[in-house]
Amino acid sequence: MSASSDTRTASSLLPRIGLIPQILIGIAAGLLLATLAPSIAPSVAILGDLFIGALKAVAPVLVFVLVMAAIASHQRGQPTQVRGVLMLYLTGTLAAALIAVAASFLFPTSLIIDAPRADGTPPTGVAEILRNLAMSAVDNPIHALTDANFIGILAWAVGLGLLLRRASDTTRRSLADLSDAVSGLVRWVIRLAPLGIFGLVANTFASTGMSALADYAQLLAVLLGCMAFVALVSNPLIVFLYTRRNPYPLVFTCLRGSAITAFFTRSSAANIPVNMELCKRLDLHADTYSVSIPLGATINMSGAAITITVMTLAAANTLGIDVDFATALLLCVVSALAACGVSGVAGGSLLLIPMAASLFGISADVAMQVVAIGFVISVIQDSTETALNSSTDVLFTAAACRSPRAQERLAGE
């Protein structure tokens, strides 16, 4: 009798603890296992692989169904705030690039360029990035779903959603039911986050540790300092100017609800279901966040803009190249545009460094060595970058939905 009672108590305790405290417990347990039993830690890596695999598998279907259902059921004249979100995305990314330039001038960093040549083919310029974005929009829908091409998924979902506005009530109701079912499946996957993050943390710190980062401490300090400044100063200022409200309760909610999982999954695309769930909990406009969140996972890349800018200027400083103010401003624009084309996967921003480095006449061989350094520090840099990118998607979506203009439009309906 007492054993049965204890089981029921334990099973009911987990939901009462809350997902974020459970994730923090998973992080602590992973660190403890990596420290005390590093030989055992890799064996639990499958928990992290399964969690990330499940998120990546469900995210394309979720985005396609949610966007299509939201647009199909959207009533004419009902307000959405997607335009405002896009403006905030662009402003935030450009501001992040400017902050990275300022930090690089204040704290000039040199690199030890003796790393092995990194794999991968970088784009040749911004024009190629924009062309790739346009081609992604007309991708085959099945191919877009299987390859998690979210620009293509959005294009097809928007097109079908607009045409299905004229469908019968039964058809649109079926789409809504399908959307609810997929959302429920996503909630099941998200409940596995504590176990998945436990596996990720244990395996990462057991296999790499922190010793590989010691040689690049100053570079990491500049990168992480810029990202922290954007997350805690720049983004809140933008949100305050847009909403005229204290931004920090919303900022910390987004960091707590989105940044933690994004840090460990290291993929904006994989974190889309988490962000969708957070937007729902924040009671944001579904027609807005069903489009802005998957779009943000592709084009809202303030963390990527910081990485591209800081590492490019570090390479220039290492080679003794003088960078004037006009060229630095050009780098800001190039970094912001390039960041918008970064794929929402781990390490996506690093292969854009050679393109930015070409502004200063830095050879591809040297630039690819800088990329290799990026991969060395990516266990911290890329994780933090993704956490900033993903949490900003929710932050700016919430700001657009809660702005005075949005509230006036809702009140007038």
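Mentor: Let's start with the salt bridges: the structure holds three. Keep in mind that this is a predicted model, where local features need pLDDT of at least 70, side-chain atom pairs count only at pLDDT 80 or more, and totals for chains, interfaces and linings use all residues. Residues are numbered from 1 along each chain as its sequence is written, and side-chain values use heavy atoms, with hydrogens and water left out.

Trainee: What makes D169 and R172 a salt bridge?
Mentor: The term asks for a side-chain nitrogen of Lys or Arg within 4 Å of a carboxyl oxygen of Asp or Glu. Here the N to O distance is 2.6 Å, so the pair qualifies. Both residues lie in helix 8 (residues 169-191), three residues apart, about one turn of the helix. Helices, by the way, are DSSP runs of H or I with at least four residues, numbered from the N terminus.

Trainee: Why is D169 called exposed?
Mentor: Exposed means over 50% relative accessible area, buried under 20%, and partly exposed in between (1.4 Å probe, protein chains only). D169 comes out at 57%, so it counts as exposed.

Trainee: What joins R173, D177 and D180 into one network?
Mentor: R173 pairs with D177, their closest N and O atoms being 2.9 Å apart, and R173 also meets D180 at 3.9 Å, N to O. Because salt bridges that share partners join these residues, R173, D177 and D180 form one network. R173 and D177 sit four residues apart in helix 8, about one turn.

Trainee: Which backbone oxygen does the side chain of T312 reach?
Mentor: That of I308, at 2.6 Å.

Trainee: Last one: which residues in helix 12 meet helix 13?
Mentor: I272, N275, M276, C279 and K280 in helix 12 do, facing Y289, S290, I293, P294 and A297 in helix 13.

Methods. Contact = heavy atoms within 4.5 Å. Helix = DSSP H or I, 4+ residues; strand = E, 2+ residues; numbered from the N terminus. Polar contact = N/O pair within 3.5 Å; in protein donor to acceptor, adjacent residues only side chain to side chain.
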